[in-house]
Amino acid sequence: MSNPVNPALASMQDIQTPAEIGLWPLAYGYWISLLIVIVVTTLFILWLSKRRKVGAAKRAALKELAMLDQNHQQFAAEVSSLLKRAAMSYGARQQVAQLTGSDWYKWLNAQVNTPQDELCKLLALRFQKAQLSDEEKQSLRRHAQSWLTAALPLSKVSAINHKVSEVSQC
């Protein structure tokens with residue numbers, strides 16, 4: 001038994017499937033998403049590079065502090081000088097450079113949330129004839145490192161302009 005072919009069906013062709021949808025051209029949503037990713041990535045890279053530049057002086061000061069010779073006769077004076085140079089990297093040079101003595105110690109305390117009284121006392125000992133003991137030198141290094149970490153970059157730049165008498169003493 002053979003199937004008779006219907007003459008009406010003989011003229012029909014197979015179903016033609018549409019062409020596959022390709023990647024190009026991209027839909028508007030993809031272009032917008034791509035643009036947002038590029039903008040966010042660019043802004044993140046710019047923020048990261050700016051943050052790195054701002055922290056460069058702080059990192060350099062911490063590295064130099066770690067490299068200071070603790071047995072040097074003028075260790076305390078070198079630490080004070082290092083703190084002042086680091087502060088001038090972020091603040092107004094004219095106002096920071098002229099600070100000495102108790103004004104300098106008051107300014108140092110004004111830059112951190114918790115006063116660094118021990119740092120001020122140890123820095124004041126640099127003018128005495130007797131040298132600092134090894135324990136005092138280690139403490140000075142530790143407190144200076146703590147100050148550099150907490151105070152830099154200077155967030156309280158307006159504290160420079162305050163009257164020195166308004167700031168807590170060491």
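This is a predicted model: local features need pLDDT of at least 70, side-chain atom pairs count only at pLDDT 80 or more; totals for chains, interfaces and linings use all residues.

User: Is the crossing of α4 past α6 left-handed or right-handed?

Analyst: Helix α4 covers residues 75-90 and helix α6 covers residues 101-110, and their axes come within 12 Å and cross at roughly 55°. Angles of 65 to 115 degrees would count as roughly perpendicular and those under 35 as roughly parallel, so α4 and α6 are oblique to each other. As for the handedness, α4 passes α6 in a crossing that is left-handed.

User: Which residues of α6 make that contact with α4?

Analyst: The contact residues divide into 5 nonpolar, 1 polar and 1 charged. From α4 come Ser80, Leu83, Lys84 and Ala87, and they meet, on the α6 side, Trp104, Trp107 and Leu108.

User: How many charged residues does the contact of α2 with α3 have?

Analyst: Helix α2 (residues 28-54) and helix α3 (residues 56-67) pack at about 40°, with axes 4 Å apart. Arg52, Lys53 and Val54 of α2 touch Ala56, Ala57 and Arg59 of α3. By class, there are 3 nonpolar residues, no polar ones, and the charged ones number 3.

User: Is alanine 130 buried or exposed?

Analyst: Alanine 130 sits in the loop between α7 (117-124) and α8 (134-151). Its relative accessible area is 55%. Exposed means over 50%, so alanine 130 is exposed.

Note on methods
Residues are numbered from 1 along each chain as its sequence is written. Side-chain values use heavy atoms; hydrogens and water are left out. Axes are lines fitted to C-alpha atoms, for helices over the stretch in contact, and angles run from 0 to 180 degrees between N-to-C directions. Helices (H or I, at least four residues) and strands (E, at least two) are DSSP runs, numbered from the N terminus. Angles under 35 degrees count as roughly parallel, over 145 as roughly antiparallel, 65 to 115 as roughly perpendicular and the rest as oblique. A crossing is left-handed if the near helix is turned anticlockwise from the far one by less than a right angle, and right-handed if clockwise. Contact means heavy atoms within 4.5 Å. Ala, Val, Leu, Ile, Met, Phe, Trp, Tyr, Cys and Pro count as nonpolar, Asp, Glu, Lys and Arg as charged, and the others, Gly among them, as polar. Buried means under 20% relative accessible area, exposed over 50%, partly exposed in between (1.4 Å probe, protein chains only).
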